[in-house]
Amino acid sequence: MSRRVESLKLSGGFVLLLCALACGPSGPFAYVTNERDGTVTVIDTREDRVVKTFEVGGRARGVRAHGGLLYVARSTPSGKDYDPEENKVLAVDASDGGVVAEYEVGSDPEQLDLSRDGSALYASNEDAGTASVIDLKTGRPLATLVVGIEPEGVRTSPDGRWVYVTSETSNTVSVIDTRTNAVAASFAVDSRPRDAAFSPDGSRAYVTTEMGRTLLVVDTSAHKVVHRIGLPRGDGSVKPMGVVVSPDGRRVYVSTGRGNTVEVVSAETYEVVASVPVPGRPWGLALTPDGRKLYAASGLSDEVHVIDAEAGKLLTSIKAGAGPWGIAVGGQ
């Protein structure tokens, strides 16, 4: 080896070392909303440690990451008089937590999702019984749609055509057609639906029902429930809440709230193949892009739990803010 090549290799290694020391975490990151203290906890998923905390105020719940921004649904904290200034969706710079835009939605926005190209935002307004559609290029509302009673979960299909909105009191799922920004269909589900997720190919949706204690399988071509997966427990503590699907579509992960578990369901057999003990009433779930790690927000323990998604095993727990609620993974 020539001295020049050896020198270049050594200097290159030195630059990499300096970058590792100076550049800081490289992501992807898990962004956790904490509803009781109005903060966002940022976790480096490579090392599973907290690297930043942002102040967003109010009651922070639904969160999505896109294009270097976090979109956070913020409402008035429980026990406080309603303040319209607190009931908005914020666009937050994911690098420093600075608020770059605020979007007018309805009262008590809870969850949200984006169009696939990031041009539109969909938010459920729990108190108003509506869903807001916002043009993110102009910041203006495109539509305010009447959906079910106390809408909560919001999820966009992989092809961007449909948005499913779950309404926990009317026990319905409203289907928004993104081409017309109108409600195209509504179908009944089991008691108290909380969240929804789509299979990677979009042919199926999965809806959790807290009081029905089921995971519902929906044929998205007909917007119809085609299978019910019971998640019972003798003491009645299992309350299906958050739901995500593995990148390969083979597994569905369900948080059970008071049940203190994350259930792993086979999308092929519709059977529970693993049950991971997770303390502190887990709710929000998010997977890393490679599908290897699953993050669960537990509001009672103020922790985020990291699960080996393939092995179905709890890896570690990370202290977050007060009342972790939602999680989004993004950024490199």
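Rings of Phe, Tyr and Trp (its six-membered ring) count as a pair if their centres lie within 6.5 Å; planes under 30 degrees apart are called stacked, those over 60 edge-to-face, and the rest tilted. By that rule, the structure holds four aromatic pairs. The rings of Phe29 and Tyr31 have centres 6.3 Å apart and planes at 55°, so this pair is tilted. Both Phe29 and Tyr31 are buried, a word that stands for under 20% relative accessible area, with exposed meaning over 50% and partly exposed in between (1.4 Å probe, protein chains only). Elsewhere, Tyr164, Phe187 and Phe198 form one aromatic cluster.

Before going on, a word about the model: it is predicted, local features need pLDDT of at least 70, side-chain atom pairs count only at pLDDT 80 or more, and totals for chains, interfaces and linings use all residues. Residues are numbered from 1 along each chain as its sequence is written, and side-chain values use heavy atoms, with hydrogens and water left out.

**Two open sheets**

Strands here are DSSP runs (E, at least two residues), numbered from the N terminus, and two strands pair if DSSP finds at least two bridges between them.

In β19, His227 is the residue opposite Val217.

How many residues of strand β22 (residues 261-266) are buried? Six of its six are, so to speak, mostly covering the strand. Thr261, Glu263 and Val265 point one way from β22, while Val262, Val264 and Ser266 point the other way. On the β21 side, Ser255 stands opposite Val262, and in the hairpin of β21 and β22, with five residues between the strands, Gly257 takes a positive phi near 55°. On the β23 side, Val264 faces Ala274, and the hairpin of β22 and β23, which has five residues between the strands, includes Tyr270 with a positive phi near 65°.

| Strands | Bridges |
|---|---|
| β2 and β3 | six bridges |
| β18 (residues 214-219) and β19 | six bridges |
| β21 (residues 251-255) and β22 | five bridges |
| β22 and β23 (residues 272-277) | five bridges |

**The nonpolar core**

A nonpolar core is a set of buried Ala, Val, Leu, Ile, Met, Phe, Trp, Tyr and Cys residues joined through side-chain atoms within 4.5 Å. Of the 14 residues in the largest one, Tyr31, Val40, Phe54, Val56, Leu70, Val72 and Val92 touch the most other members. The elements that give two or more residues to this core are β1 (29-34), β2 (39-44), β4 (59-66), β5 (69-75) and β6 (88-93). Leaving aside neighbours within four places in sequence, Val56 is in contact (heavy atoms within 4.5 Å) with residues including Gly38, Val40, Leu90 and Val92.

Note on methods:
Helices (H or I, at least four residues) and strands (E, at least two) are DSSP runs, numbered from the N terminus.
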